[in-house]
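Biologist: Please show me the sequence and the model, so that we can go through them together.

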Amino acid sequence: QVQLVESGGGLVQAGGSLRLSCAASGRTFSRYNMGWFRQAPGKEREFVAVIGWSGGLTRYADSVKGRVTISRDNAKNTVFLQMNSLKPGDTAVYYCAADGSGRSILMRTYYSREEYDYWGQGTQVTVSS
């Protein structure tokens, strides 16, 4: 069982930056691929970024590529999402998720919500124009 708690959301002006954190419980965090998703009002939850269990592999949604960086600190059981050059379209609740398959993200449909076993409660990001 893994519990995930996101933090770091808030209100920021367009062009600004935020760093989201996701703290995980459990001793096997380093075995989980970790993803970030977001859900805007009236829209489906969508993939943002993923990082493999070792931290060596990352993938990003086209909509955030070049503006967002995902990273992890396995010693602290935490995954981060650094977001720069934020746009109003980035406004959403951001969720972190854990994939406990133990397989490389290259072997996973990492952009699909169904691949993830555990979810956090989300943190609100609001970007004003």
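**A loop residue and its surroundings**

Biologist: Asn 77 lies in the loop between β7 and β8, where helices (H or I, at least four residues) and strands (E, at least two) are DSSP runs numbered from the N terminus. Is Asn 77 buried or exposed?

Modeller: This is a predicted model, in which local features need pLDDT of at least 70 and side-chain atom pairs count only at pLDDT 80 or more, while totals for chains, interfaces and linings use all residues. Residues are numbered from 1 along each chain as its sequence is written, and side-chain values use heavy atoms, with hydrogens and water left out. Buried means under 20% relative accessible area, exposed over 50%, and partly exposed in between, with a 1.4 Å probe and protein chains only. Because Asn 77 has a relative accessible area of 18%, it counts as buried.

Biologist: How many strands does the chain have?

Modeller: From the N terminus on, the elements run β-β-β-β-β-β-β-β-β-β-β. The chain has 0 helices, and its strands number 11.

Biologist: Which residues touch the most other members of the largest nonpolar core?

Modeller: A nonpolar core is a set of buried Ala, Val, Leu, Ile, Met, Phe, Trp, Tyr and Cys residues joined through side-chain atoms within 4.5 Å. In soluble globular proteins, nonpolar side chains tend to be buried together. Among the 37 residues of the largest core here, those that touch the most other members are Leu 4, Met 34, Trp 36, Val 79, Leu 81, Met 83 and Tyr 94.

Biologist: Which strands each supply at least two residues of this core?

Modeller: The strands that each supply at least two residues of this core are β3 (18–24), β4 (33–39), β5 (46–51), β7 (68–73), β8 (78–83), β9 (92–99) and β11 (123–128). Leu 4, leaving aside neighbours within four places in sequence, is in contact with residues including Met 34, Cys 96 and Cys 22.

Biologist: How far apart are the sulfur atoms of Cys 22 and Cys 96?

Modeller: A disulfide is a pair of cysteine sulfur atoms within 2.5 Å, and the structure holds 1 of them. This pair links distant parts of the chain, with Cys 22 in strand β3 and Cys 96 in strand β9, 74 residues apart. Cys 22 counts as buried because its relative accessibility is 0%, and Cys 96 is buried with a relative accessible area of 0%. The sulfur atoms of Cys 22 and Cys 96 are separated by 1.9 Å.

Biologist: Is Leu 11 buried or exposed?

Modeller: Leu 11 is found in strand β2 (residues 10–13). Leu 11 and Val 125 are 114 residues apart in sequence and 6.2 Å apart in space, C-alpha to C-alpha. Because the relative accessibility of Leu 11 is 66%, this residue counts as exposed.

Biologist: The charged end of which residue sits over the ring of Tyr 95?

Modeller: A charge sits over a ring if NZ of Lys or CZ of Arg is within 6 Å of the ring centre and within 35 degrees of the ring normal. The charged end of Arg 19 sits over the ring of Phe 80, 3.9 Å from its centre. Over the ring of Tyr 95, 3.6 Å from its centre, sits the charged end of Arg 45.

Notes. Contact = heavy atoms within 4.5 Å.
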